[in-house]
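Here is a short briefing on one protein model. It moves from the overall build to a few local sites.

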Amino acid sequence: MGSTFSSTTDDHHSTFYATSVSSSVKSDIPFEAESLRREAHQCKSEAEAASRQSQHEYHSGRKSEAKALSNQKKDLYSQMDEKNEQAAALIFQHFNQNLPEHFIDLHGLYVFEALKYLQQKLNECRSSSISRLTVITGMGNHSPHKMAKINPEVENFAHRNNLKIIPGRGRVEIRLDTDDQYEKVDYQDSDGCIIL
């Protein structure tokens with residue numbers, strides 16, 4: 001996802017870039033990341049099966065077998081977490097490698113992963129005196145029932161952390177140049193378009 005813009009806080013460029021990224025975002029997750037997600041899902045299924053079998057063994061009086069299965073379950077969950085973390089890193093890099101420093105794209109991440117990367121990015125913005133961060137969340141087109149998951153959680157995150165936001169379609173702008181009081185601000189022109 002190439003960009004002809006360098007890092008800028010110019011309103012016109014920010015608006016154009018946010019719109020073009022949202023409308024042309026790559027829906028293709030890197031193959032390696034998809035593979036890691038599948039492996040993580042398999043680990044989860046095996047862990048759940050081991051947990052059920054462990055409980056069965058325990059209630060049948062075979063406590064050593066139950067303990068072994070319980071340990072197997074823990075190992076499988078640990079593998080699942082590791083594979084998901086690796087997948088998230090690949091996905092994040094894929095969608096963010098060419099973005100200006102005042103943008104972050106959270107496409108393809110699980111909600112808890114998205115919030116972790118968002119917190120890291122906010123810390124970077126603050127240390128670099130960046131006054132606003134455009135968070136590309138997507139509109140939920142690839143989520144079950146086409147319901148956005150990341151966007152409302154980013155807004156909740158901003159609320160919990162007393163950050164001002166300007167919501168948009170498939171994105172949220174977080175203002176870091178204002179006092180630390182949460183406010184949901186809608187700046188719209190007469191045609192109903194969001195103005196940054």
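Contact here means heavy atoms within 4.5 Å. Leaving aside neighbours within four places in sequence, Leu122 is in contact with Leu133, Phe157, Leu163, Ile174 and Leu176. The model is predicted: local features need pLDDT of at least 70, side-chain atom pairs count only at pLDDT 80 or more, and totals for chains, interfaces and linings use all residues. Residues are numbered from 1 along each chain as its sequence is written, and side-chain values use heavy atoms, with hydrogens and water left out.

**Overall build**

- The protein has 5 helices and 5 strands. Helices (H or I, at least four residues) and strands (E, at least two) are DSSP runs, numbered from the N terminus.
- From the N terminus on, the order of elements is α-α-α-β-α-β-α-β-β-β.
- Of the 196 residues, 38% count as buried. Buried means under 20% relative accessible area, exposed means over 50%, and partly exposed lies in between (1.4 Å probe, protein chains only).
- Take the contacts between residues at least 6 apart in sequence: 60% of them join residues at least 24 apart.

- Leu122 lies in helix α4 (residues 111-127).
- Is Leu122 buried or exposed? Leu122 counts as buried because its relative accessible area is 1%.
- One of its contacts is Leu133.

- Strand β3 (residues 164-168) is mostly covered, with 5 of its 5 residues buried.
- Lys164, Ile166 and Gly168 point one way from β3. Ile165 and Pro167 point the other way, and all are buried.
- Strand β4 (residues 171-175) runs antiparallel to β3, and 5 bridges join the two. Strands pair if DSSP finds at least two bridges between them.
- Gly168 has Arg171 in β4 as its bridge partner.
- The two strands form a hairpin with 2 residues between them. Gly170, in the turn, has a positive phi of about 75°.

**Aromatic pairs**

- How many aromatic pairs does the structure hold? There are 2.
- Phe92 and Tyr117 form a stacked pair, 4.2 Å centre to centre with 15° between the planes. Rings of Phe, Tyr and Trp (its six-membered ring) pair if their centres lie within 6.5 Å; planes under 30 degrees apart count as stacked, over 60 as edge-to-face and the rest as tilted.
- This pair links distant parts of the chain: Phe92 is in helix α3 (residues 63-96), Tyr117 is in helix α4, and they are 25 residues apart.
- Phe92 counts as buried because its relative accessibility is 19%. Tyr117 is at 12% and so counts as buried.
- Tyr110 and Phe112 form a tilted pair, 6.3 Å centre to centre with 35° between the planes.
- Tyr110 is at 38% relative accessibility, so Tyr110 counts as partly exposed. Phe112 is exposed because its relative accessible area is 58%.

**Charges over rings**

- A charge sits over a ring if NZ of Lys or CZ of Arg is within 6 Å of the ring centre and within 35 degrees of the ring normal.
- The charged end of Arg37 sits over the Tyr110 ring, 3.9 Å from its centre.
- The charged end of Lys116 sits over the Tyr117 ring, 5.1 Å from its centre.
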